[in-house]
Amino acid sequence: MASIHIIGAGAVGSYYGALLARDGHLVTMVARGAHLEEIRRTGRIVVREADGSAWSAPVACEGAPAADPEVELIVVGVKSHDTPAVAEALGRVVPPTAIVLSLQNGVENVGRLARALGGGRVVGATAFVGLWRERAGEVVHGAEGLVTMGHPDGPDAPALRSATALVGGSWEVTRAPDLDHALWHKLLWNVGFNPLCAATGASAGTLLARPEHARVVRAAMEEARAVALARGVAISEADVEDMARDRASLRGYLPSTLRDALAGRRLERDALCGFVAREGARLGIPTPVNAALDAVLALQEGERQTKAG
């Protein structure tokens, strides 16, 4: 079994790290605050399933990335705005043989990690899954779970083959023929649902329940598609249809940006609606919906900071 480090044990990192630990891998998580303290106290991470059942797996937990000459895979699950700092920290401790897997939202993180750590070793991945944390030391798995993995050099890249072999027995995995397409395909869902849910407090299903709200979801996705096409990424109308469709398993789901807003955490807007608005401006592509959503979230964040003193 492999030594695997999970950098950023939020909901996503905790769940996928727990799956690996349950199958016997030696998993070390990097977490913060009460989550870190509770995992250290118990030596386990607890997963609660949608049907009310629960299971746990043994893990170690640290407050920062640590040197481990035996580590084979490093899974980065931090918010996109924390990627530069994590890349710098990993550059000081990661052994040259370790593979780095970005399991994050947004389309820029693989490049950021590759520039800091070397492109050949960095694999990208998206997770289509409903996860959240309600208490320290636990993660709730609400729905789905597919992980799509890819590499800038294509589906036969050695690092991708190795990473898939390491996690494929524990995760539901598919290998993407085109990493850029996979990242932008997931970005469609994120820009359609995350910002608008965070701005309104609505669940993903609520946004699709009325045509006027669903039109805003699709408009945000269509702007992202236009930007992707301008960058040479072949996102199609079928991709938009796929990500905008009603999924029964996610109707009551509160996306991560809404949960961050409710918890008073920094919002990942700059990698989602903010990124689409920024790239649209650079490329001359109109993105009024994403720009408006980013402005609303920035105002929301600023008001919260002001009230906090």
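The largest cavity is lined by Trp 189, Phe 193, Ala 204, Gly 205, Leu 208, Arg 245, Asp 246, Arg 247, Leu 250 and Arg 251. Here a cavity is a set of points on a 1 Å grid over the protein atoms alone where a 1.4 Å probe fits but cannot get out, and lining residues have an atom within 4 Å of a point.

This is a predicted model, where local features need pLDDT of at least 70, side-chain atom pairs count only at pLDDT 80 or more, and totals for chains, interfaces and linings use all residues. Residues are numbered from 1 along each chain as its sequence is written, and side-chain values use heavy atoms, with hydrogens and water left out.

Back to the lining: α7 (204-209) and α6 (179-200) each supply at least two of its residues, and α7 gives the most, with three. Helices are DSSP runs (H or I, at least four residues) and strands are runs of E (at least two), numbered from the N terminus.

How do the two linings divide by class? Nonpolar means Ala, Val, Leu, Ile, Met, Phe, Trp, Tyr, Cys and Pro, charged means Asp, Glu, Lys and Arg, and the others, Gly among them, are polar.

| Cavity | Volume | Lining classes |
|---|---|---|
| Largest | about 60 Å³ | five nonpolar, one polar, four charged |

Conventions: 1 Å grid on protein atoms, 1.4 Å probe; cavity = no way out; pocket = protein on both sides within 12 Å on 5 of 7 lines; lining within 4 Å. Points joined across faces, edges and corners; volume = space filled by probe spheres on them.
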